[in-house]
Amino acid sequence: MSETHEDNQKVDAAEGRSARDWPAPPIAAGVLGRCPRCGRTSMFSGLLTLKPRCEVCGLDYGFADSADGPAVFVMLTTGFLAVGLALFIETTWEPSFWVHLLVTLPLCALLCLATLRPFKSLLIFLQYRHKAEQGRLAP
């Protein structure tokens with residue numbers, strides 16, 4: 001981790017931004033996967049792979065560790081929607097089991113793929129905004 005949050009504050013202060021003055025709305029920038037500092041370019045080089053740093057402002061993404069947070073949110077929301085749909089289908093039409101497999105499994109896969117990246121970028125954006133770091137024990 002070559003750049004700390006203090007360095008980020010210095011750059012933000014040098015650009016004339018206050019702590020609450022963001023270049024893009026936080027939720028929109030997070031969901032779109034934009035850089036948390038400048039909001040101009042994507043943080044991702046692949047589906048879920050982060051770039052080493054922002055190509056525009058040079059923010060080092062070494063601080064970003066969303067861990068299992070996005071997966072947990074995606075599993076909870078997708079599971080809720082899929083079970084709700086399965087229950088609706090079952091109580092409305094009472095189809096055989098294979099219909100549930102053909103409808104709910106592809107829906108679960110599509111919802112997971114569609115929401116994992118926005119959740120990951122939103123959590124990284126919030127981690128940057130609130131200066132969240134790993135806990136450390138004092139010597």
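Author: Start with the whole chain. This is a predicted model, and of the 139 residues of the protein, 30% count as buried.

Reader: How many helices and strands does the protein have?

Author: The secondary structure comes to 4 helices and 0 strands. From the N terminus on, the elements run α-α-α-α.

Reader: And the contacts, what share join residues at least 24 apart?

Author: Among contacts between residues at least 6 apart in sequence, the share is 61%.

Reader: OK, helices. At what angle do H3 and H4 pack?

Author: Helix H3, residues 69–93, packs with H4 at about 155°, and their axes are 8 Å apart.

Reader: Parallel or antiparallel, then?

Author: Roughly antiparallel. An angle over 145 degrees counts as that, and the angle here is about 155°.

Reader: Is the crossing left-handed or right-handed?

Author: H3 passes H4 in a right-handed crossing. The residues of that contact divide into 17 nonpolar, 6 polar and 2 charged.

Reader: Let me click on something in H4. Where is Thr 104, and is it buried or exposed?

Author: Thr 104 is in helix H4, which covers residues 97–129. Thr 104 is buried because its relative accessible area is 12%, and the cut-off for buried is under 20%.

Reader: What does Thr 104 touch?

Author: Leaving out residues up to four places away in sequence, Thr 104 touches Ala 82, Leu 85 and Ala 86.

Reader: Different topic. Which residues make up the largest nonpolar core?

Author: That core has 11 residues. Among them are Cys 35, Cys 38, Cys 54, Phe 44, Phe 63, Ala 64, Ile 124 and Tyr 128.

Reader: Pick Ala 64. Which residues does Ala 64 touch?

Author: Leu 50, Ile 124 and Gln 127, again not counting residues up to four places away in sequence. Ile 124 is also a member of the core.

Reader: What about the backbone, what is the phi of Ala 67?

Author: Ala 67 has a positive phi of about 50°, although it is not a glycine. Most residues other than glycine have a negative phi.

Reader: Where is Ala 67, and is it buried or exposed?

Author: Ala 67 is in the loop between helix H2 (26–32) and H3. Ala 67 counts as exposed because its relative accessibility is 58%.

Reader: And what is the phi of Lys 131?

Author: Lys 131 has a positive phi too, of about 55°, and is not a glycine. Lys 131 lies in the segment after H4. With a relative accessible area of 37%, Lys 131 is partly exposed.

Methods
Residues numbered from 1 in each chain as written. Predicted model: local features only at pLDDT ≥ 70, side-chain atom pairs only at ≥ 80, totals over all residues. Heavy atoms only, no water. Helix = DSSP H or I, 4+ residues; strand = E, 2+ residues; numbered from the N terminus. Buried < 20%, exposed > 50% of the residue type's maximum accessible area, 1.4 Å probe, protein only. Contact = heavy atoms within 4.5 Å. Core = buried A, V, L, I, M, F, W, Y, C linked by side-chain atoms within 4.5 Å. Axes fitted to C-alpha atoms, helices over the stretch in contact; angles between N-to-C directions. Parallel < 35°, antiparallel > 145°, perpendicular 65-115°, else oblique. Left-handed = near helix turned anticlockwise from the far one by under 90°. Nonpolar A, V, L, I, M, F, W, Y, C, P; charged D, E, K, R; others polar.
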